[in-house]
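I opened my notebook to look through this one with you. Here is what I looked up, entry by entry.

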Amino acid sequence: MEYKYMGSRGSGSMSWFLQRISGIVLVFVIVGHFILMHYNPEMGHSFDRVYERMQNPYYQMLQIAFVVLALYHGLQGVWNIYRDFKFPSWLNLTVFSLLIVLGVGFGALGIANILHF
Amino acid sequence: MYQKSPTKEWTSNVVRYKKFSGSWAWLLHRITGLGLTVYVLVHINTLASLQEGPEAFNAKMQVFMQPHWVFAAWILFGLVIYHTLNGIRIVIIDFGKGAKYHKQLLYGAVAIGLIVFLWMGYIMFFGHDEHDFLSRAVSFFS
């Protein structure tokens, strides 16, 4: 197929940029997550401790942001890898739809877990 | 027009391609990224037991506190720390002048990563002291 310049809008530059930004935010969140959850086994593995933390609405907001950013960064990453290969367009559409469904489905489940408290 | 790629040739090209440190960093970043994405999905699914109440959640968590699961979590932490530190390296390369010293950045990332990985292993297996300085700091903020 002959290359035709379609402008920079569809070049993927925005997803490249958002992948970097979400990655930078995740670095900070994941450091806090590991200290909070794994510094001793009680902290991440006891319902009571989770319940205590979840009483703070700002903590819940942070957790929702974490779920959304982690899913976005991960699934966008899978799409980036997929796009390095050449596949038929029906498969592109199928994989893209599957990633959207996974993102929305697991995002909803993760947010439901958090808002349950 | 889509043309089927000769997969066999593609695989051998990739395997034979001379890989320098940057290629390994790139490849490992992708492998760890794929692993972590799958893990995020599994993790969210596991935490759904929070909605079933304390008994269900605590019972599930008891399983993950068995030594071989703690070991698995430690290996998972290895993927996280590599992906995090190499991710910082990528940001420095893309947004700063890291392309000039990307090899040094990788060596630094691996060195820091190994130290943090071993330290985390010590904490996960032996560091269950409620009274050391970081535990007290964490309880203060949480």
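**Entry 1: the interface in numbers**

I began with the area: chain B and chain A bury about 3,800 Å² between them, and 73% of it is on carbon and sulfur atoms. I note for the record that this is a predicted model.

Next I looked up the residues involved. I found 43 residues of chain B in contact with 44 residues of chain A. For polar contacts, I get 7 residue pairs between chain B and chain A, both residues being at pLDDT 80 or more. I then asked which helices of chain B each supply at least two residues of the side that touches chain A. They are H2, H3 (54–64), H4, H5 and H6 (133–141). H2(B) gives the largest share, 10 residues.

**Entry 2: salt bridges**

How many salt bridges does the rule find across the interface of chain B and chain A? I get 2, and the count over all chains also comes to 2.

I looked at B:Asp94 and A:Arg20 to begin with. B:Asp94 lies in helix H4 of chain B and A:Arg20 in helix H1 of chain A, so this pair joins two chains. I read 2.6 Å between their closest N and O atoms. Buried or partly exposed, I wondered, for B:Asp94? B:Asp94 counts as partly exposed, because its relative accessibility is 32%. A:Arg20, with a relative accessible area of 17%, is buried.

I then turned to A:Asp84 and B:Arg30, whose side chains meet in a salt bridge at 2.7 Å, N to O. This pair also crosses between chains: A:Asp84 sits in the loop between helix H4 (57–82) and helix H5 (89–115) of chain A, and B:Arg30 is in helix H2 of chain B. I have B:Arg30 down as buried, since its relative accessible area is 19% and the cut-off is under 20%.

**Entry 3: chain B as a whole**

I stepped back to the fold of chain B. I count 6 helices and 0 strands, so to speak an α-α-α-α-α-α run from the N terminus on. Of its 142 residues, 33% count as buried. Among contacts in chain B with a separation of 6 or more, I see 65% between residues 24 or more positions apart.

**Entry 4: helix H5 of chain B**

I checked the span of H5(B), residues 102–125. Its 24 residues reach 34 Å from first C-alpha to last, close to the 34 Å expected at 1.5 Å a residue. I listed its buried residues, among them B:Leu105, B:Leu106, B:Phe117, B:Met120 and B:Met124. B:Gly113 and B:Gly121 are also on that list. What covers them? I find that the cover includes helix H1 (13–38) of chain A, together with helix H2 (21–47) and helix H4 (67–95) of chain B.

**Entry 5: one threonine**

I finished on B:Thr32, which is placed in helix H2 of chain B. B:Thr32 counts as buried because its relative accessibility is 6%. I see its side chain reach the backbone oxygen of B:His29 at 3.0 Å. Leaving aside neighbours within four places in sequence, I find B:Thr32 in contact with B:Leu79, B:Tyr82 and B:His83.

Conventions. Residues are numbered from 1 along each chain as its sequence is written. Chains are lettered from A and ligands numbered from 1 in the order in which they are written. This is a predicted model: local features need pLDDT of at least 70, side-chain atom pairs count only at pLDDT 80 or more; totals for chains, interfaces and linings use all residues. Side-chain values use heavy atoms; hydrogens and water are left out. Helices (H or I, at least four residues) and strands (E, at least two) are DSSP runs, numbered from the N terminus. The expected span of a helix is 1.5 Å times one less than its number of residues. Buried means under 20% relative accessible area, exposed over 50%, partly exposed in between (1.4 Å probe, protein chains only). Contact means heavy atoms within 4.5 Å. Buried area is the accessible area (1.4 Å probe) that two parts lose on being put together, summed over both. A salt bridge is a side-chain nitrogen of Lys or Arg within 4 Å of a carboxyl oxygen of Asp or Glu. A polar contact is a pair of N or O atoms within 3.5 Å; within protein, one must be able to donate a hydrogen and the other to accept it, and residues adjacent in sequence count only if both atoms are side-chain atoms.
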